[in-house]
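Hi everyone, thanks for coming. Let me put the structure up, and then we'll walk through a few spots together.

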Amino acid sequence: MTEILKTLQLILFGIPVVALVAMGVVILAKPVSVLNRRWYLAIFLPLLLANGLSILENLTVVEAASGGNWRMWLVLVADLALVVGCLVYFRGYLVYGLSGEQTEVSLAEGFRSQGYDVSLGEDKKRGLLGGLRLERVLTLVKNGHQVAVWVKLRFHEVTLQAGSQDGVRLLRKAIPGLRSADVPYDIKAHASGVLFIVLGVVFAVLSWIFFFEPRLVLMP
């Protein structure tokens, strides 16, 4: 049982490395790259699951599966809470290669072609920790039905998030139009891709030194 848990942890620690490098390559590959923010789950969830397996391994080794060590169970509950938080937080899309204004214009044109009245403006949005912040928003209206699409620009990275399930469906349909935008390749707008690849390499090295090698030495 313990060897199986160790093997699963090795696999889980390898997934974030592959995800980071893959995200970097995708960002650098085209003039306009659009990533689903769910990609981040491939980075954080395997680490949280590996931590949970480590706790289970410790419980097995010390034969405390009946719940004797409350600290381990507290960490496990915290991991589960973080998993739920990641599922809630990592929604929407990331756009590289377009400015915030270019993204707004492209989205507005696409939504207007579908018969929506589109207005651009700013509104307050509640953050993950409950605070309100002012952000750009596209308000779409059709047949009396209103949908909001939020646009946030940070470090050459445009984040798109919808305020409802209808908005999610509309945004998903608009992504191919963003990817096909005719703009020149600007390496500065894709600098995050290089960062992701570097982080993947660094994480791989650190994982090998502090996790993989000690585990492999102990495995028969």
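Which residue lies over the face of Tyr116? That's Lys142, at 5.0 Å from the ring centre. For a charge to sit over a ring, NZ of Lys or CZ of Arg has to be within 6 Å of the ring centre and within 35 degrees of the ring normal. Arg37 does this too, over the face of Tyr89 at 4.8 Å from the ring centre.

Quick word on what you're looking at. This is a predicted model, where local features need pLDDT of at least 70, side-chain atom pairs count only at pLDDT 80 or more, and totals for chains, interfaces and linings use all residues. Residues are numbered from 1 along each chain as its sequence is written, and side-chain values use heavy atoms, with hydrogens and water left out.

Okay, on to the rings. Searching the whole structure turns up 5 aromatic pairs; rings of Phe, Tyr and Trp (its six-membered ring) pair if their centres lie within 6.5 Å, and planes under 30 degrees apart count as stacked, over 60 as edge-to-face, the rest as tilted. Tyr40 and Phe90 are stacked, 5.1 Å centre to centre with 25 degrees between the planes. Tyr40 sits in the loop between strand E1 and helix H2, and Phe90 in the loop between helix H3 and strand E2, so this pair ties together parts 50 residues apart in sequence. Those helices (H or I, at least four residues) and strands (E, at least two) are DSSP runs, numbered from the N terminus.

Buried or exposed, what is Phe90? It's buried, at 10% relative accessibility, where buried means under 20% relative accessible area, exposed over 50%, and partly exposed in between (1.4 Å probe, protein chains only). Tyr40 is buried as well, at 14%.
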